[in-house]
Amino acid sequence: MLLSNRPSAFKIFTSTSLITLCIIIVFSYHIWSLDSWKRVGMETVPGRAPLAIGIPEKIWYKLGPKGLNDQSQQWIDTCLKKNPTYKSEFMTDLSGDAYVKKNFAFRPDIVENYLALPIPILKADFLRYLLLLAEGGIWNDLDVSCEEVPIRDWIPAQYKGNASVVVGLEFDFGWGHNFVRQFTSWTLMAKPASPHILMVVDDILEGLREATSRRNVTVAELTLDMIGDVVDFTGPRRLTRSILKSLELTLKDKVDDKNISLLLEPKLIGDVLVLPGYSFASSSNRYKEKMGPALVTHHYAGTWKNDQGGEVA
């Protein structure tokens, strides 16, 4: 009797196991992707402490085909000389392509879309998020200079163990009420494998799918006229929308403009530290009295504001 029941019991067990396995595979894909980025980050920063300790002490830059001019070099030097323990890496078009192909091979949709992008500023925006997703650190545009506060002191002591992404408000004070607040993208900090940065990346991919479908073109055929406002497509407004959306999913609560309005001091929302406007964008805000120290100055060189959307070879 027991022997005759074994095949039936085995089939039930096998079917249940297969269903369970399928569920695990589906729900583990996103976690698996994040783990892959974590491994990349740990392997490419020798001696780096566990991810929870802090944001890696590395500053990323992206060079255009013309390289560095004297003015950009002076701005960069203010950051490197004031933060001598920080590593720096300058990506080029070629090294950026190679980096994305190597570190995101497990996400062919990222690789294919990134390599196909023909507009320099879209590719530069995309690259900053991919670098921070893979390795973490600090992204600076070439027209950013550092002020007197060392980077390791940008995060207040009470938030150092909890902040996995650090953003600064671009517009906050002195703009009335009819405007949308946004984070700066010229300076951005993150731990590797942040789900908030991953959200930015995935939202850019969705934006590309919508733009190419609407125009019936490939990514390689996109032009500036087809994608609309760069700031909205891959820049600060995209960054802001995606991070707030990711926070809503994480916190299971509404997170919007009201959470990041009229800040006079750093504010931790979940694991995202939002710095006041004077931190990264002091010249873009109008305070009635002197506020805290500026951390960086953005000089608005605007090298991407042309018909090509940036330097071309």
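The legends below describe close-up views of a predicted model.

**View 1. The seven-stranded sheet of the predicted model.** Seven strands form an open sheet with mixed pairing, in the order β2-β1-β3-β6-β5-β8-β7. Its edges are formed by β2 (87–91) and β7 (267–269), each of which pairs on one side only. From one strand to the next, the twist averages 20 degrees. Strands of a sheet are paired through backbone hydrogen bonds, in either a parallel or an antiparallel sense.

**View 2. Pairing of strands β1 and β2.** Strand β1 comprises residues 58–62 and runs parallel to β2, with five bridges between them. Within this view, Ile59 is found opposite Ser88 of β2. Strand β2 is also an edge strand of the sheet, pairing on one side only.

**View 3. Helix α5 and the glycine that follows.** Helix α5 spans residues 120–134, a total of 15 residues. The distance from its first C-alpha to its last is 21 Å, close to the 21 Å expected at 1.5 Å a residue. The helix is mostly covered, with 14 of its 15 residues buried. After α5 comes Gly136, which has a positive phi near 75 degrees.

**View 4. Ala193, a non-glycine residue with positive phi.** Ala193 lies in the loop that connects β6 (187–190) to α6 (195–215). Its phi is near 65 degrees, a positive value. With a relative accessible area of 5%, Ala193 is classed as buried because this value falls under 20%.

View 5. Asn216 is a residue other than glycine, and its phi is positive, near 55 degrees. The relative accessible area of Asn216 is 71%, and the residue is therefore exposed, the cut-off being over 50%.

**View 6. The largest cavity and its lining.** The structure holds one cavity of 30 Å³ or more, and the volume of the largest cavity is about 30 Å³. The residues that line the largest cavity are Trp186, Phe280, Ala281, Ser282, Ser283, Val296, Thr297, His298 and Tyr300. Strand β9, residues 296–298, gives the most to this lining, contributing three residues. By residue class, the lining comprises five nonpolar and four polar residues, and no charged ones.

Conventions. Residues numbered from 1 in each chain as written. Predicted model: local features only at pLDDT ≥ 70, side-chain atom pairs only at ≥ 80, totals over all residues. Heavy atoms only, no water. 1 Å grid on protein atoms, 1.4 Å probe; cavity = no way out; pocket = protein on both sides within 12 Å on 5 of 7 lines; lining within 4 Å. Points joined across faces, edges and corners; volume = space filled by probe spheres on them. Helix = DSSP H or I, 4+ residues; strand = E, 2+ residues; numbered from the N terminus. Nonpolar A, V, L, I, M, F, W, Y, C, P; charged D, E, K, R; others polar. Buried < 20%, exposed > 50% of the residue type's maximum accessible area, 1.4 Å probe, protein only. Expected span 1.5 Å × (residues − 1). Pairing = 2+ DSSP bridges. Axes fitted to C-alpha atoms, helices over the stretch in contact; angles between N-to-C directions.
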